[in-house]
Amino acid sequence: MAKISVQDTKDNVIKVDGEDYICLMDMLRAKDGDFFITDWLRNRNTLEYIGIWEKVYNPNFNYGEFAIIRNQSGLNSFKISVKEFVARTNAISVQAKAGRYGGTYAHKDIAFEFAMWISPEFKIYIVKEFQRLKTEEQRLLGWSAKRELSKINYRIHTDAIKHNLVPAEVTPAQASMIYASEADVLNVAMFGVTAKQWRDAHPDLKGNIPSDERVGKRRQR
């Protein structure tokens, strides 16, 4: 689970079947007055948008049941919860989740429309913050990929050194020096620095070039 901060609100972002869903209940705190998600869901324009989205992305959407709900949206007495809406239509655009991170979530496409209902300004800022989150995730993913590639290449590299470069008569200490020297060829290729250069530049951190998580946290400071 990730969080984005928009106009003094902390909004949870979770993955559902590989897609990003944003917590509508968190977003609602940015709207002045007493409003509920059902107020948004009963709006005809909201239902029209969700219906089109579901038709495009959800082959199991019950469009017949949805049509009944949409036709009732013009009545003053009409009200429907997210849980009931999902149960009747097999919708995937919105989700009512229980548990520790429970709440009402919506696919990012729908959540951005919900943000517009809160205010145009809020929508602009949440889209901007969401894009920042995705950029950061891609940066960390790239670093992680480099780390994994380095590990794979290191194993191949050291095996090659063992069979071709390390004479049988050298001591274990001498062999480790050969391995360290050759390993730094990979460090420079993948990260631009040797292990010693990294340690000298980061005296407050222990060990060699760390995992992506520790580097990511340090870069955010």
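Colleague: Why is Arg88 called partly exposed?

Modeller: In this predicted model, Arg88 has a relative accessible area of 23%. Buried requires under 20% and exposed requires over 50%, so Arg88, at 23%, falls in between and is partly exposed.

Colleague: What makes Glu65 and Arg88 a salt bridge?

Modeller: The N to O distance between their side chains is 2.7 Å. The limit is 4 Å, so the pair at 2.7 Å qualifies. Glu65 lies in helix α4 (residues 63-72) and Arg88 in helix α5 (residues 82-89), so the bridge ties together parts that are 23 residues apart in sequence. Glu65 is also partly exposed, with a relative accessible area of 23%.

Colleague: How do you know that Arg88 and Glu84 meet in a salt bridge?

Modeller: Their N to O distance is 3.2 Å, and the cut-off is 4 Å, so the pair counts. Both residues lie in helix α5, 4 residues apart, about one turn of the helix. Glu84 has a relative accessible area of 33%, which lies between 20% and 50%, so Glu84 is partly exposed.

Colleague: What makes Phe112 and Phe130 edge-to-face?

Modeller: Their planes are at 80 degrees, with the ring centres 5.6 Å apart. The angle is over 60 degrees, so the pair is edge-to-face. Phe112 is in helix α6 (residues 108-118) and Phe130 in helix α7 (residues 120-164), 18 residues apart.

Colleague: Are Phe112 and Phe130 buried or exposed?

Modeller: Phe112 has a relative accessible area of 14% and Phe130 has 6%. Both values are under 20%, so both residues are buried.

Colleague: How do you know that the charged end of Lys31 sits over the ring of Phe35?

Modeller: The charged end of Lys31 is 4.7 Å from the ring centre, and the distance limit is 6 Å. Lys31 also lies over the face of Trp117, at 4.6 Å from the ring centre. Ring pairs link Phe35, Trp40, Phe114 and Trp117 into a cluster.

Conventions:
Residues are numbered from 1 along each chain as its sequence is written. This is a predicted model: local features need pLDDT of at least 70, side-chain atom pairs count only at pLDDT 80 or more; totals for chains, interfaces and linings use all residues. Side-chain values use heavy atoms; hydrogens and water are left out. Rings of Phe, Tyr and Trp (its six-membered ring) pair if their centres lie within 6.5 Å; planes under 30 degrees apart count as stacked, over 60 as edge-to-face and the rest as tilted. Helices (H or I, at least four residues) and strands (E, at least two) are DSSP runs, numbered from the N terminus. Buried means under 20% relative accessible area, exposed over 50%, partly exposed in between (1.4 Å probe, protein chains only). A charge sits over a ring if NZ of Lys or CZ of Arg is within 6 Å of the ring centre and within 35 degrees of the ring normal.
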